[in-house]
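Dear colleague,

I am passing on the structure we spoke about, and it is shown just below. My notes follow it, and I would be glad if you read them with the structure open.

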Amino acid sequence: MSSRLASVLVLACVALSLGACGFRPLYAQPGVTPGLSAVQVAAPDGRAGYLLGEALGDALATGAGTPAWRLDLDLSEQRFPRGLRVDNVATRYEYVLTAAYTLRAAATGEPAKVGTVRVELTYDSADQPYASVAAQQDAQERAAIEAARRIQLELAAWFAEQGQN
């Protein structure tokens, strides 16, 4: 029982010290959540664009109202063979998704924030063609989800900074 009481006291001290140092969660900042949900995502054509657009729509929790912001995306994809066998066939690939984005005010079209995120990951390439295609598509999906998460964090930090001004 004494170790449990000690744990509770330590947690209470940590909570108090975080409040004293000025720590404030990102989403507690005024304007972050409403700002994110007021973004309309303009994703490019193609599978990767569709996947990133869907992931960003989910991450930003875009609302049904009139958007105040438009997020324009430009994607580039690269695939590099890694892990070559003796017969010079790749057993692994590195997939790189680079997403350049511009957040614009919907009313004026003026750019408010510009950024780029880069996601790199690897996947196995099987000898069976369908398994190899499935692995490549899975890599695209994982990269789109990670790129959306990074863009969401950058936009949330920007909206938090705007709310403090």
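Two strands are taken to pair if DSSP finds at least two bridges between them, and it is in this sense that Val114 in S4 is the bridge partner of Thr102. Please keep in mind throughout that this is a predicted model.

To begin with the overall layout, the protein chain has four helices and four strands, and from the N terminus on its elements follow the order α-α-β-α-β-β-β-α. Of the 165 residues in the protein chain, 32% are buried, while the accessible surface comes to about 10,000 Å², with 56% of that belonging to carbon and sulfur atoms. Among the contacts in the protein chain with a separation of 6 or more, 63% are between residues 24 or more positions apart.

The four strands form an open sheet, ordered S1-S2-S3-S4, in which the pairing is mixed. Its edge strands are S1 (39-42) and S4, each of which pairs on one side only, and the twist from one strand to the next averages 25°. In general, strands of a sheet pair through backbone hydrogen bonds, either parallel or antiparallel.

The parallel sense is found between S1 and S2 (residues 69-84), which pair over four bridges, and here Gln40 stands opposite Arg70 in S2. Helix H3 (residues 47-60) packs on the sheet, where it touches S1, S2 and S3 (90-105), and the direction of H3 makes about 125° with that of S2.

The antiparallel sense is found between S3 and S4, which are joined by 13 bridges. S3 and S4 form a hairpin with five residues between them, and in the turn Gly109 has a positive phi of about 80°.

Is Ser125 buried or exposed? Its relative accessibility is 15%, and because buried means under 20%, Ser125 counts as buried. Setting aside neighbours within four places in sequence, Ser125 is in contact with Ala90, Thr91, Arg92, Tyr93 and Ser132. With Ser132 there is also a polar contact, made between the two side chains at 3.3 Å.

Definitions and conventions:
Residues numbered from 1 in each chain as written. Predicted model: local features only at pLDDT ≥ 70, side-chain atom pairs only at ≥ 80, totals over all residues. Heavy atoms only, no water. Buried < 20%, exposed > 50% of the residue type's maximum accessible area, 1.4 Å probe, protein only. Polar contact = N/O pair within 3.5 Å; in protein donor to acceptor, adjacent residues only side chain to side chain. Contact = heavy atoms within 4.5 Å. Helix = DSSP H or I, 4+ residues; strand = E, 2+ residues; numbered from the N terminus. Axes fitted to C-alpha atoms, helices over the stretch in contact; angles between N-to-C directions. Areas by Shrake-Rupley, 256 points an atom, 1.4 Å probe, with all protein chains shown as cover.
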